[in-house]
Every structure is written in structure tokens, then in C-alpha cells.
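Subject: Structure handover and notes

Dear colleague,

I am passing on a structure that will be new to you, and my notes on it follow below. Please have the structure open while you read.

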Amino acid sequence: MNKKPNRMAELRHELLTDLEQKVISFLQEHGVPTEAAEHTAINLVNHLADHWGGQLINIPKDYRWKLSQ
């Protein structure tokens, strides 16, 4: 059975999905309950998309900061 994809069911952009999952994981590692971690991650990712959406952003690898740590 071949179903046509539903446009409303399309997945979030890969970068935003990755960030959301990573934030959930970090929060859970620090004892934040799953529901609160998910809510926080979704709000953070929504803010990022709303505030920075449409911008061309080059994310630096930040080697000097990492070395100083």
C-alpha cells in the first residue's frame, strides 16, 4: 500500500532535530524529568528557528576555546 506523504507530517530540519535531541539528552543526564527536558528543548529550538531562521550562519569549530578549556 503506497501512501502519499502528508506535508504536515514532514520532519523538522536535521540541524534543529539534532539540537533538540541533544538538549533533551543533556537535561536528562542532569536529572531533569523527560517531559520537562522535551518541553525545554522544543522551546529552545523554536526560539532558534524564529530568531535566526533564514540567516546564513557559519558555525566556527571554536578550536581556541576548546584548547583553553
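Does Asp62 count as buried, partly exposed or exposed, and at what relative accessibility? Before the answer, please keep in mind that this is a predicted model. Asp62 counts as partly exposed, because its relative accessibility is 42%, and the cut-offs for that class are 20% and 50%. Asp62 lies in the loop between α2 and α3, the latter spanning residues 63-68, and its phi is positive, at about 60°, although Asp62 is not a glycine.

As for the chain as a whole, it has three helices and zero strands, so that, when read from the N terminus, its elements follow the order α-α-α. Of the 69 residues in the chain, 10% are buried.

The lining is made up of His13, Leu15, Leu16, Leu19, Leu48, Ala49, Trp52, Gly53, Gln55, Ile57 and Ile59. When these lining residues are divided by type, eight are nonpolar, three are polar and none is charged.

Trp52 is found in helix α2, which runs over residues 34-52, and Trp52 is partly exposed, with a relative accessible area of 43%. Together with Ile57 and Ile59, Trp52 makes a nonpolar surface patch of about 340 Å², and Trp52, Ile57 and Ile59 are also among the residues that line the largest pocket.

The other is Leu15, whose place is in helix α1. Leu15 counts as partly exposed at 48% relative accessibility. Its C-alpha atom is separated by 9.6 Å from that of Val45, although Leu15 and Val45 are 30 residues apart along the chain.

A second pair of this kind involves Ser25, which is likewise found in helix α1. The C-alpha atoms of Ser25 and Ala41 are 9.5 Å apart in space, while the two residues are 16 apart in sequence. Ser25 is partly exposed, with a relative accessible area of 26%.

Finally, I turn to charged pairs. Side chains of opposite charge can pair when their charged atoms come close. How many salt bridges does a search of the whole structure find? The search finds one, and the residues that form a salt bridge are Arg12 and Glu20, with their closest N and O atoms 3.6 Å apart.

With best wishes

Conventions. Residues are numbered from 1 along each chain as its sequence is written. This is a predicted model: local features need pLDDT of at least 70, side-chain atom pairs count only at pLDDT 80 or more; totals for chains, interfaces and linings use all residues. Side-chain values use heavy atoms; hydrogens and water are left out. Helices (H or I, at least four residues) and strands (E, at least two) are DSSP runs, numbered from the N terminus. Buried means under 20% relative accessible area, exposed over 50%, partly exposed in between (1.4 Å probe, protein chains only). Patches are made of residues with over 30% relative accessible area and no salt bridge: like charges are joined within 9 Å, nonpolar side chains (Val, Leu, Ile, Met, Phe, Trp, Tyr) within 5 Å. Accessible areas come from the Shrake-Rupley method with a 1.4 Å probe; for residues, only the protein chains shown count as cover. A salt bridge is a side-chain nitrogen of Lys or Arg within 4 Å of a carboxyl oxygen of Asp or Glu. On a 1 Å grid over the protein atoms alone, a cavity is a set of points where a 1.4 Å probe fits but cannot get out, and a pocket is an open set with protein on both sides within 12 Å along at least five of seven lines; lining residues have an atom within 4 Å of a point. Ala, Val, Leu, Ile, Met, Phe, Trp, Tyr, Cys and Pro count as nonpolar, Asp, Glu, Lys and Arg as charged, and the others, Gly among them, as polar.
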